[in-house]
Amino acid sequence: MANLNLLDIAKMNNSDDVAGLIEESIAAAPELNMIDARTISGTMYKTLVRSSLPSVGFRNANEGVAAVKSAYENKTVETFIVDAPIEIDKAVADANEDGWESVLALEGNAVLEAAFRSMGSQMYYGTATAVGTSTALAPTKGFPGLIELYDSSNMEVDVTGTGSDTSSAWLVKWGPQYLRWVIGMGGEVQTQDAEATRLTDSAGLAYSGYRKPFELYIGLQMVNPNSVVRIKNIDSSTNTLNDDDVYSALEKFPAGVTPDAIFMSRRSRGQIRSSRTATNATGAVAPTPTEVENVPIVVTDSILDTETAA
């Protein structure tokens, strides 16, 4: 049975109008629309994580063995506030022939799409700014991203590109024991009916407007270091992405663990296509790649082509 994603949770825990707004906007961030999500009653929780397996082997007859055990550690998973209020000028909205509600709905779609794009970007870049900066309004706030969480010693493939026009591709395994979104406060979006209120412009001057709050708690849980592999330093010309790089990344996963998707930018997908064109029998343009070894390729705008090589 398929696991729940953020949209499923929104439909179960919120009003129809809120769920409808989310459904119309969430497609802008495939990370939120695909990866599993769970709710928690508060804003954080502790989880017990197994960090290593015990060493177990054979023994001879009439020979004892030492007792063994796994190693565990506690990790705290925290959710952070996404605040995306919908605000419009009352005079402008009231002048609309379809009514101010239609203007609010239109602006609501735009605001939520921007919020989901921000959350998608945060998933990769988190609060780190040395490699690539989240497109969030306040990129140094919020939850840690994959760049801060992944095992760079064992779960990484370096394409060795240089400069500030590099990119990454992420192979992701999701589920309860791997990567998943965590939605705080029971998965409920904090909102209410739009109301006329006092708004201010960038200069602090007041005007009348309509305002509808939209607030939720969200975080990222990765309890297993085998959840993701990063292919890094993909540049624009020399050290580009190809199938060999993806196969090298697939080999990083332990036996029995297959990633659910490969997230990458449009440029990286185009590079895979170009590499296939150069190596096919006829030299004809290859079709747009959709998978590698039955693992789907998912294009996302949340991954930058302007990362700084590291």
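This is a predicted model: local features need pLDDT of at least 70, side-chain atom pairs count only at pLDDT 80 or more; totals for chains, interfaces and linings use all residues.

Reply: Two strands are said to pair here if DSSP finds at least two bridges between them.

Strand β15, residues 291-292, is joined to β16 by 2 bridges, and the two run antiparallel. Within this pairing, Glu291 faces Pro296 of β16, the two residues standing opposite each other. β15 and β16 make up a hairpin with 2 residues between them. In the turn of that hairpin, Glu293 has a positive phi of about 55°.

Strand β16 also pairs with β14. Here 3 bridges link β14 (residues 261-264) with β16 (residues 295-299), and the direction is parallel. Phe263 stands opposite Val298 in β16. As a rule, strands of a sheet pair through backbone hydrogen bonds, in either the parallel or the antiparallel sense.

A further group of strands forms an open sheet. This sheet has 3 strands in the order β5-β11-β10, with antiparallel pairing. Its edge strands, each pairing on one side only, are β5 (86-89) and β10 (195-200). From one strand to the next the twist averages 45°. Between β10 and β11, the latter covering residues 206-212, the antiparallel pairing extends over 6 bridges. In this pairing Ala196 stands opposite Tyr210 in β11.

Helix α5 connects this sheet to the helical packing. It lies across β5 and β11, and it runs at about 135° to β5. Two packed helices are described by the angle between their axes and the distance between the axes. For α2 (residues 16-25) and α5 (residues 100-125), the axes come within 9 Å and cross at roughly 60°. Because of this angle, α2 is oblique to α5. The crossing of α2 and α5 is right-handed.

The residues that meet in this contact can be listed for each helix. α2 contributes Leu21, Ile22, Glu24 and Ser25. On the α5 side they meet Ala105, Gly108, Asn109, Leu112, Glu113 and Phe116. Sorted by class, the contact of α2 with α5 comprises 5 nonpolar, 3 polar and 2 charged residues.

Key: Residues are numbered from 1 along each chain as its sequence is written. Side-chain values use heavy atoms; hydrogens and water are left out. Axes are lines fitted to C-alpha atoms, for helices over the stretch in contact, and angles run from 0 to 180 degrees between N-to-C directions. Helices (H or I, at least four residues) and strands (E, at least two) are DSSP runs, numbered from the N terminus. Angles under 35 degrees count as roughly parallel, over 145 as roughly antiparallel, 65 to 115 as roughly perpendicular and the rest as oblique. A crossing is left-handed if the near helix is turned anticlockwise from the far one by less than a right angle, and right-handed if clockwise. Contact means heavy atoms within 4.5 Å. Ala, Val, Leu, Ile, Met, Phe, Trp, Tyr, Cys and Pro count as nonpolar, Asp, Glu, Lys and Arg as charged, and the others, Gly among them, as polar.
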